[in-house]
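Hi everyone, thanks for making time this morning.

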Amino acid sequence: MAILLYRLGRLSFRRRGRVLALWLLLLALLGGGAAAFIGPTTSKFSIPGTESQKALDSLAREFPQASGATGSIVVAALEGAKLTPQAVAPVTEEASKVPGVLAAVDPFTSKAVSRDGRYALVQVQFESGVDGITDSQREAFSKAGESVPDLRVEHGGEIMRGVPEVGSTEIIGVAVAALVLVLTFGSLVAAGMTLLNALVGVAAGMAGLFALSSTVELTSTAPILALMLGLAVGIDYALFIMSRYRHYLAEGMDGEEAAGRAAGTAGSAVVFAGATVVIALAGLTVAGVPFLTVMGLAAAATVALAVLVSLTLLPAVLGFAGERVLPRKHRTKDRAQTPAPAPAEAGFGFRWGRVVARLRVPVLVLGVAGLGALALPVQDMRLALPDASTEAVGSPNREAYDLTTEGFGEGFNGRLVAVVSGDSAKATAAAAEETATIIGGTDGVLAVAAPQMNEAGTTALLAVIPETGPTDATTEDTVNEIRDRVKGVEGVAISLTGATAVGIDVSEKLAGALPVYLLLVVGLSVLLLMLVFRSVLVPVKAALGFLLTIGATFGITVAIFQEGHLASWVGLDTSGPLVSFLPILLIGILFGLAMDYEVFLVSRMREDFVHGADARESVVSGVGHNARVVTAAAVIMTAVFGGFVFMPDPIIKSIGFALAIGVLIDAFVVRMAIVPAVMHLLGRAAWWLPRPVDRILPDLDIEGERLQREIPVQREPAELVKT
């Protein structure tokens, strides 16, 4: 592979004008496709085959007028006053006139008035689903009843759920990344080219994603996740190749040769690192969750583009930049006669490598014990889909949620719907009454409304109000108990649905898929690293280190986002359960990123070892040569992910935070401390591989041994840039 990438790097450098033109053409085509075919994203998190989703599908067929999106208007009188039908009537009337509304139910008719008479709930039923609600409809709904005097009116429900959008906060992460690149390279040109390379990959990936959005149902978080990952890995991959290119220039190679060698060695590591990220993200399909599959594949495609850009566009633009990628003091007219000095072995990376070599046992014990302690909160982790209680304070949905809780209790925010379907109107009506009695006598149920029948009388709806909120653990117990108890009703099909039930079903499905996916990822890491490093113990060590990273990351995230410790530091208004797809998503992404750093760091150790260095020298050399690059890459990734922590959406905030913390832990604690400590303890045994396995495994030549042997370095003077 190294030889193939070497030739690709040289070709891209030599034909830089054509390569650049091809990428610009591709960007234009993808951008045009995005503009022409862009479609709406969805905020639905559902799983086909679950009881709640089956009930929703049944409603769409048998009770279409009740299958659309819903909204709720919370009305409150001034303190000390009570609501009257005449005072609330204008609110109901205005809501009924909103385009697309089938009905707005008067609270005095539905008895949705609080005991003290101060609060009322106006339930609004829309014709289309939540994804079919337009911005103009949403705006009209949010204004219904606002002009009614002496009343506080708040608008909530699923149609008011916030949709995350890319904003200015991400610029903070990009700005920090740019600063780190300038400090790392000492050259504005090198920093700018690295950043530009990543931006081109992200732009191509996002444009392609939006071009497909009219035919593929994208969740609202999928594009942001793709942007987050594309930026982070795009910068990191370009950083790694750029660093190796500058290193070869410093050794006296001409520009084309240096670009080819960088693509053949560092590029090989980038291909493998990118492949692990892509495989891990594509592996999310094993969960059997459509929205998670789309998120994983969207992010995987963006990462794949980042790899392709780094291997083709970066060598091309290096040809235009010439020696300006070097610090000014290292630029010369004749690189062959006056080469820039090679990095001294007295640098920080080498000093740190020797410290770890001397203190390998204390470093290993402290690292493992510290990460183990950080992982302790994981045992209390709870998963749920987010509801309005975790939205930003002051947002419409949050205000409506809080006012509903104040007047009626949290259970009114987590309404359930029991769907009773039978063959005849008589049997369905009788079964509906029996079901209402059973549900009403279930612990945790506050109230059950009278059955609503469809026109044929074969389907009945029962609104169920639990005593606790949508994400409360007690509500989950109540839902499960209701489902168990109504199984005894004969002659009809009964299912429980509603946003709360959907959230519980999704969380249970994902929790069940998590161990399988974790086993898949860990097993994959062992096999892939065995293939790359031709070792048994290095892959096992990498997998165990990854488990430490995951445990500590989950522990810190639970402590802040679920338990509320230091929540204000990340701008979190209200703590609550982690979003149900965060663990499985985090495992997939962090696995790929952890393998990035493992490959970048250990590939140099392997390279020096196969070229004759002893085991200890190769570990120190690997840390010494790559410490600067790995730490810079980790800081950049943390900055990019950290920029998303400032977004108000709790889902994006938690994903950005968990990824930022995970990268910091994995790069600085696991890869830069625990990994070299273990490698020193293992010595030559780290590179042991049984001979039968060695004969079976293909030689990928990640470290470029065959490249160095078959294509000797040409050091004749050559012009860097021809203009």
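**Salt bridges, a helix and a sheet**

Let's start with a pair of charged side chains: arginine 671 and glutamate 598 form a salt bridge, with their closest N and O atoms 2.5 Å apart. Arginine 671 sits in helix H21 and glutamate 598 in helix H19, residues 582-610, so this pair ties together parts that are 73 residues apart in sequence. One thing to keep in mind as we go: this is a predicted model.

Are these two partners buried or exposed? Both arginine 671 and glutamate 598 are buried. For arginine 671, the relative accessible area is 1%. Arginine 671 also forms a salt bridge with aspartate 666, where the closest N and O atoms are 2.9 Å apart. Aspartate 666 counts as buried too, because its relative accessibility is 2%, and the cut-off for buried is under 20%.

Elsewhere, salt bridges with shared partners link Arg10, Arg14, Glu256, Glu257 and Arg261 into one network. How many salt bridges does the structure hold? The count is 16.

For a contrasting setting, look at glutamate 139 and lysine 143, whose side chains meet in a salt bridge at 3.3 Å, N to O. They are four residues apart in helix H6, residues 135-143, so about one helical turn separates them. Glutamate 139 is partly exposed, at 43% relative accessibility, and lysine 143 is partly exposed as well, at 48%.

Now over to helix H13, residues 360-374. Its 15 residues reach 21 Å from the first C-alpha to the last, close to the 21 Å expected at 1.5 Å a residue. Which residues of H13 are buried? They are Val363, Gly367 and Leu371. Looking down the axis of H13, those buried residues fall within an arc of 45°, so they line one face of the helix. As a reminder, residues three or four places apart in an α-helix point the same way, because there are 3.6 residues a turn. On the other side of H13, Val365 and Leu366 are exposed. The cover over the buried residues of H13 includes helix H18 (537-562) and helix H21 (650-682), and H21 is the helix that holds arginine 671.

Last stop, the strands. Strand S3, residues 119-126, is mostly covered, with seven of its eight residues buried. S3 pairs with strand S1, residues 70-77, in the antiparallel sense over seven bridges, and threonine 70 stands opposite glutamine 125 in S3. Strand S2, residues 101-105, also runs antiparallel to S3, joined by four bridges. There, valine 101 has phenylalanine 126 of S3 as its bridge partner.

Terms used. Residues are numbered from 1 along each chain as its sequence is written. This is a predicted model: local features need pLDDT of at least 70, side-chain atom pairs count only at pLDDT 80 or more; totals for chains, interfaces and linings use all residues. Side-chain values use heavy atoms; hydrogens and water are left out. Buried means under 20% relative accessible area, exposed over 50%, partly exposed in between (1.4 Å probe, protein chains only). Helices (H or I, at least four residues) and strands (E, at least two) are DSSP runs, numbered from the N terminus. Two strands pair if DSSP finds at least two bridges between them. The expected span of a helix is 1.5 Å times one less than its number of residues. The arc is that of the directions from the helix axis to the C-beta atoms. Contact means heavy atoms within 4.5 Å. A salt bridge is a side-chain nitrogen of Lys or Arg within 4 Å of a carboxyl oxygen of Asp or Glu.
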